[in-house]
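Here's a quick walk through a fold, written for someone who likes cut-offs spelled out. Take a look at the model first, then read on.

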Amino acid sequence: MPSGSAQRLADPLHDAPALSVVVPVYNGAATVGALVAALGALEVPGGLEIVLVNDGSPDTSGDVCRALLHTSAVPLTYVEHARNYGEHNAVMTGLRHARGAFVITMDDDLQNPPEEVVRLFLHTRDRGYDVVYTRYAEKKHEGWRNLGSRFANRVADMLLDKPRGLYLSSFRCMSRLVVDGITRYEGPYPYVDGLIMQVTQRLGSLEVMHLPRAEGVSNYTIRRLVRLWLNLAVNFSLLPLRLAVFAGVAMGALGAIGALVVVLSALAGEQPQGWASTMVVILLLSGVQFVILGILGEYLGRTFLTGNRKPQGIVRAVAEGGGRRAAAHPSSEGAA
């Protein structure tokens, strides 16, 4: 971690704002400026700061974020990753640099109206929740993305210790207790919502507006969504391994039944037949075995990479500006 960043993280929180807004930035050059301007115009009781985390964005997001250090109306911290690590890794880095008593995470695409930030913050603070997730009456994502989100939430219902039906949105507000708890995790495959469920069950939900994407297309692809589902399934639950055991037991039971049928047919004087059915059974059993081996390999591989201390995120530079702050702390490398 950069020396300047380490010093800042060690500072006392007596002058900390009431609210920090953490924004992972990736291909957000066209929208992040408008987002920061809108957040800076909000009246937040106790004050507001913004933390932008450039997650190795290939566009000019870095230049735009640095320019915002000189124009932001509220204190702004810019953190730059050395490469792209993924949204949840970027959020974890941002949480480590956030000083607020409450922290809101939101995307850089303006689909979450900035004016909802104050309402979300007050709802969390005044009702004593540790975390409040937002939900949408109508989502403005593409159809395949909505299906992917619904699938991920159904999987989370099965794998995570969370209230059934609670929608897990990236636009959420967390208390300092939760932020301090989840940032202890240093593994390379963070899933923020899974970490939250390990810290608290004092969860709430608030309906907010959801707008069409202002610029560009979603950064989430099928590949990224699959990786996210793997992080959810493999890092925070043993259910896949248990399902593998049940699959093995079920295949064994089917094999025993098949063997019994063959024996009874032979005793009845019938000639056992069925080359095609034999091949089907072999292929089915082989497929189940390979799936089980793949699940075991995924667990072992992630354990190996975690043991080898694969970084959750390397911070290239940290800079502070906006409001009354204008200090910069560059660094060539550092672990987030």
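This is a predicted model: local features need pLDDT of at least 70, side-chain atom pairs count only at pLDDT 80 or more; totals for chains, interfaces and linings use all residues.

## Buried cysteines and packed helices

Cysteine 65 is buried, because its relative accessible area is 0% (buried means under 20% relative accessible area, exposed over 50%, and partly exposed in between, with a 1.4 Å probe and protein chains only). Cysteine 173 also counts as buried, at 0% relative accessibility.

Residues are numbered from 1 along each chain as its sequence is written, and side-chain values use heavy atoms, with hydrogens and water left out.

Zooming out, the protein has 11 helices and 9 strands; these are DSSP runs numbered from the N terminus, with helices being H or I of at least four residues and strands E of at least two. Of its 336 residues, 47% count as buried. Among contacts with a separation of 6 or more, 82% come from residues 24 or more positions apart, where contact means heavy atoms within 4.5 Å.

Now for the helix pairs. Two packed helices are described by the angle between their axes and the distance between the axes. Here the axes are lines fitted to C-alpha atoms, for helices over the stretch in contact, and angles run from 0 to 180 degrees between N-to-C directions.

| Helix pair | Axes come within | Crossing angle |
|---|---|---|
| α2 (residues 32-40) and α3 (residues 61-71) | 10 Å | roughly 25° |
| α4 and α8 (residues 192-199) | 10 Å | roughly 50° |

The axes of α2 and α3 cross at roughly 25°, which makes α2 roughly parallel to α3. For the labels, angles under 35 degrees count as roughly parallel, over 145 as roughly antiparallel, 65 to 115 as roughly perpendicular and the rest as oblique. On the α2 side, Val32, Gly33 and Val36 meet Val64, Cys65 and Leu68 of α3. By class, that contact has 5 nonpolar, 1 polar and no charged residues (Ala, Val, Leu, Ile, Met, Phe, Trp, Tyr, Cys and Pro count as nonpolar, Asp, Glu, Lys and Arg as charged, and the others, Gly among them, as polar).

For the other pair, the axes of α4 and α8 cross at roughly 50°, which makes α4 oblique to α8. His88, Val91 and Met92 of α4 make the contact with Val192, Asp193 and Leu195 of α8. Sorted by class, this one has 4 nonpolar, 1 polar and 1 charged residues. Helix α4 (residues 87-97) is mostly covered, with 10 of its 11 residues buried; among them are His88, Val91 and Met92.

Back on α3, histidine 70 sits in that helix. Buried or exposed? Histidine 70 is exposed, with a relative accessible area of 72%. The C-alpha atoms of histidine 70 and glutamate 320 are 9.4 Å apart, although 250 residues separate them along the chain.

Asparagine 27 isn't a glycine, yet has a positive phi of about 55°. Asparagine 27 lies in the loop between β1 (19-25) and α2 and is partly exposed, at 34% relative accessible area. Leucine 110 also has a positive phi, near 65°, and its place is the loop between β4 (102-105) and α5 (116-126).
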